[in-house]
Each structure stands twice: as C-alpha cells, then as structure tokens.
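Hello,

Here is the structure for you to look over. My notes follow below it.

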Amino acid sequence: IFGLPFVPAGLGHVINELIDRFFLKSMDPQTVEALYGPDYTADDIVGIYSACYKLAVFMLLLVQMFRMAWQPFFMRQSEETSAPETFSQTFSLFNFAAAAIFLSVALFADQIVAVKVPILDFYLVDEKFWGGLGIVPILLLAYWFQGWYVNFSAGIFISETTKRLPQITLIGAAITIVANLVMIPFFGMMGSAMATLLSYAVMAMLIYYYSTNAFEVPYKLVSGFGVMLLAAGFYY
C-alpha cells in the first residue's frame with residue numbers, strides 16, 4: 001500500500017525528464033528553419049538542447065544530495081513537537097542554497113562551458129552547442145521547484161498517503177506533454193524548457209497542498225517565491 005504508488009509516480013517523473021527530446025526530434029523542418037535557420041535539423045536541436053541541459057545538473061545535484069539527507073531526517077524528527085518549525089526552517093535554508101547555485105551557474109554559464117579539460121584539450125560543452133545556453137536559467141528554475149517538491153514530500157511520507165504521488169506526477173507529465181505540443185512550434189527548445197518549468201512548479205504546489213493538509217507545517221511559501229524571483233531578477 002505504501003510502496004506501490006511509487007511505480008506510476010516514477011513513470012510520471014520519467015516522462016517529465018525525457019519526453020521533451022521526442023517532441024523536439026519530431027519538429028517539422030519548416031519550424032526548425034523558421035526558428036533557427038536553414039543550417040539546422042531537428043536532430044541538431046535535440047543535440048544542442050541535451051548538451052545545454054547538462055548545466056542544470058548543478059541544481060539537480062543539490063536536490064539529490066538534499067533528498068538523501070532529508071528523507072531519513074524528517075522521518076526521525078516527525079514525532080518531535082518542534083518538527084513543523086524545523087521543516088519550515090529547512091525549506092528556507094534550501095532556498096538560499098538553491099539561489100546561490102542558480103546565480104552561480106546562470107550568470108557564468110558562458111564561462112563554465114568554455115572551461116577546457118586539461119590534457120584532453122576540449123571544452124566541457126563543445127562550441128557548436130553554445131547556442132542553446134538560453135535554456136539553462138529556465139531549467140535551473142525547474143529543478144529548483146523539484147527541490148521544493150522534495151521539501152514538501154515530508155507530510156506525504158509521515159502520513160503514509162503516498163497514493164497522492166502518482167496523481168501529482170502524472171498531472172505533471174500531462175502538463176509537460178501538452179505544454180511541449182503547444183510551445184515547441186513557437187519557441188523550439190526554449191518551449192521545452194518552459195514546459196519543464198511549468199510542470200515542476202505545478203507539481204510542487206500540488207504536493208504542498210496535499211502534504212500540509214496531512215501534516216501541518218508553516219512553510220514560508222511567500223518568502224520562498226520572493227527568493228526565487230529575486231534570484232531570477234538579478235540574473236535577467
């Protein structure tokens with residue numbers, strides 16, 4: 001009862017992570033030419049998108065490291081009377097760490113990709129892929145919301161209401177599919193990045209709703225959005 005919902009929930013996560021490449025690959029040549037010029041094909045766009053997507057791994061690493069420490073921590077603390085306040089403070093601290101990662105990578109993406117690997121004499125990301133660096137801040141924000149999803153999951157685990165997880169992730173997957181279909185013809189790979197951001201933002205808000213109903217925590221959500229908007233504002 002507790003574990004089975006993770007199977008469809010995992011399917012939703014896989015769709016969110018991978019389906020955008022399939023939509024980009026299926027772009028018709030006229031759309032590719034209109035957005036990027038006659039020298040590019042749909043396969044080229046997928047390659048550029050995938051290469052630049054790798055820079056978002058810096059935020060993903062923060063989220064994954066946090067997840068590994070967070071889950072055993074909140075289960076151990078859940079019986080404490082101070083747990084709600086502790087969880088709220090953890091969320092605030094996570095946002096400051098995420099803001100630091102966002103600004104460091106988004107502001108210096110051009111310099112990061114231009115770092116040459118010693119001896120092997122090649123860039124971290126080949127020059128021919130640098131044209132897609134505009135998607136990096138959008139994807140960093142998407143994974144920031146994934147970090148929120150991990151933060152808010154505490155109430156779901158503590159209350160053992162994991163049946164909510166597939167509902168949330170499959171809604172996110174549906175948003176990803178629809179948003180890709182709608183936005184790729186107009187924005188290309190930027191549309192795919194925005195679809196990912198929208199999906200993770202909705203998933204974070206859904207799990208916040210269900211989690212705080214199951215286990216009340218005074219998350220400073222307005223402050224969290226404030227930190228995110230401030231960081232994005234500094235970048236843009």
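For residue classes, Ala, Val, Leu, Ile, Met, Phe, Trp, Tyr, Cys and Pro count as nonpolar, Asp, Glu, Lys and Arg as charged, and the others, Gly among them, as polar. By these classes, eight nonpolar, six polar and two charged residues line the largest pocket.

This is a predicted model: local features need pLDDT of at least 70, side-chain atom pairs count only at pLDDT 80 or more, and totals for chains, interfaces and linings use all residues. Numbering starts from 1 along each chain as its sequence is written, and side-chain values use heavy atoms, without hydrogens or water.

The pocket

The largest pocket holds about 300 Å³ of space. Among its 16 lining residues, Phe6, His13, Arg67, Gln71 and Tyr149 are the closest to its centre. Helix 1, helix 4 (57-77) and helix 7 (136-152) each give two or more residues to the lining. Helix 1 gives the largest share, five residues.

The helix pair

Helix 1 (residues 6-25) and helix 10 (residues 189-214) have axes that come within 10 Å and cross at roughly 165°. That makes the two helices roughly antiparallel (angles over 145 degrees). Their crossing is right-handed. From helix 1, His13, Asn16, Glu17, Asp20 and Leu24 make contact (heavy atoms within 4.5 Å) with Met189, Ser192, Thr196, Ser199, Tyr200 and Met203 of helix 10. By class, this contact has four nonpolar, five polar and two charged residues.

Helices here are DSSP runs (H or I, at least four residues), numbered from the N terminus. Axes are lines fitted to C-alpha atoms over the stretch in contact, with angles from 0 to 180 degrees between N-to-C directions.

Best wishes

Notes: Parallel < 35°, antiparallel > 145°, perpendicular 65-115°, else oblique. Left-handed = near helix turned anticlockwise from the far one by under 90°. 1 Å grid on protein atoms, 1.4 Å probe; cavity = no way out; pocket = protein on both sides within 12 Å on 5 of 7 lines; lining within 4 Å. Points joined across faces, edges and corners; volume = space filled by probe spheres on them.
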